[in-house]
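Visitor: I would like a close look at one part of this model. Please keep it brisk.

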Amino acid sequence: MSRKKRYDAELKRQIAKIYLEGRRTGANLAEELGVHINTIYKWGEQYREDPENAFRTSEPREYSDDELEKSNQRIKELEEEVEILRKTVAYFAKASQ
């Protein structure tokens, strides 16, 4: 299975600027980078709308203690369910022999 290529924000800015200035066509850039032409159009639109903040990634989210506690509790419940299912499968596999 192929993985999506990731391009850093600076490269996206440069590509969008080249495209918007008309120095290269979207099709030409897309072929060279190995991306769909719509990706070039999208990068251009994002850059045109807000050049300063285009392609910024969001900061990691901080989770509250309550959220972490709920998540840990849910993980524990799911682990217990998986264990019950494993035992059930083993029981029926043994019984069908």
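Visitor: Are Tyr91 and Phe92 buried or exposed?

Guide: Both Tyr91 and Phe92 are exposed. Exposed means over 50% relative accessible area, buried under 20%, and partly exposed in between, with a 1.4 Å probe and protein chains only. This is a predicted model: local features need pLDDT of at least 70, side-chain atom pairs count only at pLDDT 80 or more, and totals for chains, interfaces and linings use all residues. Residues are numbered from 1 along each chain as its sequence is written, and side-chain values use heavy atoms, with hydrogens and water left out.

Start with the aromatic rings. Rings of Phe, Tyr and Trp (its six-membered ring) pair if their centres lie within 6.5 Å; planes under 30 degrees apart are stacked, over 60 edge-to-face, and the rest tilted. The count comes to 3 aromatic pairs. One of them joins Tyr7 and Trp43: the ring centres are 5.7 Å apart and the planes sit at 70°, so the pair is edge-to-face. Tyr7 lies in the segment before α1, while Trp43 belongs to helix α3 (residues 37–49), so the pair ties together parts that are 36 residues apart in sequence. Helices here are DSSP runs (H or I, at least four residues), numbered from the N terminus. Tyr7 is buried, at 18% relative accessibility. Trp43 is buried too, at 4%. Now back to your residues: the rings of Tyr91 and Phe92 have centres 5.3 Å apart and planes at 80°, so this pair is edge-to-face.

Helix α4 (residues 65–95) also holds Lys70 and Asp66, 4 residues apart, or about one helical turn. Lys70 forms a salt bridge with Asp66, and the closest N and O atoms are 3.6 Å apart. The rule for a salt bridge is a side-chain nitrogen of Lys or Arg within 4 Å of a carboxyl oxygen of Asp or Glu. Side chains of opposite charge can pair when their charged atoms come close. Lys70 is exposed at 56%. Asp66 is partly exposed at 47%.

The search of the whole structure finds 7 salt bridges. Another of them is in helix α1 (residues 9–20), where Arg13 and Glu10 sit 3 residues apart, about one turn of the helix. Their side chains meet at 3.2 Å, N to O. Arg13 is buried, with a relative accessible area of 19%. Glu10 is partly exposed at 42%.

Next comes helix α2 (residues 26–33). Gly26, Leu29, Ala30 and Leu33 are its buried residues. They cover an arc of only 100° around the axis, which puts them on the same side of α2. That arc is taken from the directions from the helix axis to the C-beta atoms. The cover over these buried residues includes α1 and α3, where contact means heavy atoms within 4.5 Å. Glu31 and Glu32 lie on the other side of α2, and both are exposed.

Glu32 has a charged partner. Its side chain meets that of Arg24 in a salt bridge of 2.3 Å, N to O. Glu32 has 57% relative accessibility. Arg24 is partly exposed at 28%. Just after α2, Gly34 takes a positive phi of about 75°.

Methods. Helices (H or I, at least four residues) and strands (E, at least two) are DSSP runs, numbered from the N terminus.
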